[in-house]
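User: Hi! Could you walk me through this structure with a few questions and answers?

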Amino acid sequence: MSVAYDDSIGVEVSSDSFWEVGNYKRTVKRIDDGHRLCTDLMNCLHERARIEKAYAQQLTEWARRWRQLVEKGPQYGTVEKAWTAVMSEAERVSELHLEVKASLMNEDFEKIKNWQKEAFHKQMMGGFKETKEAEDGFRKAQKPWAKKLKEVEAAKKAHHAACKEEKLAISREANSKADPSLNPEQLKKLQDKVEKCKQDVLKTKEKYEKSLKELDQGTPQYMENMEQVFEQCQQFEEKRLRFFREVLLEVQKHLDLSNVAGYKTIYRDLEQSIRAADAVEDLRWFRANHGPGMAMNWPQFEDEEWSADLNRTLSRREKKKATDGVTLTGINQTGDQSLPNKPSSVSSYEKTQSYPTDWSDDESNNPFSSTDANGDSNPFDEDTTSGMEVRVRALYDYEGQEHDELSFKAGDELTKMEDEDEQGWCKGRLDNGQVGLYPANYVEAIQ
């Protein structure tokens with residue numbers, strides 16, 4: 001902004017009126033403020049766009065995490081679908097907020113940026129062309145009137161000084177009449193001084209009134225010129241204000257998701273998904289899949305001819321099928337050795353797992369159950385010395401899960417009686433004489 005012209009120096013500003021000399025600078029400053037306000041509005045929208053993006057990312061992350069928790073959790077059926085529909089709503093709303101972010105930056109932000117560039121033209125020496133034009137216009141309009149005002153101020157000052165001097169001379173003359181020490185010549189000088197001061201008062205008053213009259217005569221033209229420059233500034237500011245209103249209306253449209261057809265569809269679909277939840281249907285499903293509605297191979301009469309070895313092989317196969325993906329309990333690894341082929345653990349509850357329906361607790365079907373009256377017989381008590389027996393050492397602790405399995409600690413030695421079967425089990429004998437099955441990969445041959 002240009003510095004005030006010299007003609008205004010020394011002019012006393014009695015109020016903050018626009019018509020006072022130099023007070024037009026507020027109007028000129030408004031042009032610079034308009035450029036800064038464009039920058040502020042762009043920063044405002046940029047910050048809001050970052051908030052929209054962050055919110056969209058948080059919604060997506062929240063939906064992903066809770067979708068996994070619900071899908072792996074114990075909830076099932078139509079209520080599970082209603083629950084996951086809430087996550088679907090978050091994902092779809094997240095997409096809409098990303099669209100809001102894109103609209104704010106790609107449309108509104110760029111629109112303001114381009115308008116600012118077109119409306120304000122920077123000068124090589126600093127400042128804007130529009131500011132300098134307004135400054136020069138006001139200076140040119142105000143300069144003649146300010147010059148006359150300066151003359152008025154000078155004439156007023158001279159007149160007031162003459163009046164003050166006149167009063168002082170009159171006071172001295174009055175006091176001299178009471179002073180007998182003064183001669184007639186001195187009294188004559190005091191009287192001449194009073195007369196001269198009266199003449200000066202009349203002259204300064206005449207000059208003061210004349211300069212004031214000239215100022216009054218120039219005031220209408222001054223006001224007209226100032227009004228003309230001010231109106232040009234008003235028109236420039238009006239363009240900015242109307243542009244801001246237009247941009248803010250666009251911002252409102254982009255932020256108001258209630259006017260987006262897809263937004264209403266999201267919550268209509270969510271409501272339908274939740275209302276579709278049917279407690280009776282879910283209870284019926286659970287009864288059929290995990291309750292009394294499940295199929296069952298009830299115990300039936302079987303012939304006595306039954307191969308113990310064949311039954312054991314089938315038992316091992318059934319055991320493997322039923323325990324796929326289930327952690328073996330009671331297995332404690334000792335030392336720093338790695339556990340080969342150790343089954344992985346899964347959740348204690350998997351709503352998608354299938355439960356075996358051919359299991360039977362009828363001990364008549366188990367070749368290892370007791371058939372003696374005392375219940376102490378063991379099918380492994382038969383002669384097992386046939387074949388190649390090998391001494392082996394346990395690599396890990398193992399706790400038998402069924403009565404036909406051996407239990408041992410890492411480092412214990414036992415005798416392998418039969419080679420590993422197709423299910424990965426071996427038949428062996430402990431040093432105390434107990435015979436049973438154990439996992440083949442839990443031991444190693446003693447060299």
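Analyst: Happy to! Let us begin with a term: buried means under 20% relative accessible area, exposed means over 50%, and partly exposed lies in between (1.4 Å probe, protein chains only). This is a predicted model, where local features need pLDDT of at least 70, side-chain atom pairs count only at pLDDT 80 or more, and totals for chains, interfaces and linings use all residues. Residues are numbered from 1 along each chain as its sequence is written, and side-chain values use heavy atoms, leaving out hydrogens and water.

User: Is Asp33 buried, partly exposed or exposed?

Analyst: Asp33 joins Lys29 in a salt bridge (3.1 Å, N to O), a term for a side-chain nitrogen of Lys or Arg within 4 Å of a carboxyl oxygen of Asp or Glu. The relative accessible area of Asp33 is 22%, so Asp33 is partly exposed.

User: Which residues are linked with Arg391 in a network of salt bridges?

Analyst: Side chains of opposite charge can pair when their charged atoms come close. The structure holds 22 salt bridges. In one network, Arg391 is linked with Arg393, Glu413 and Asp431.
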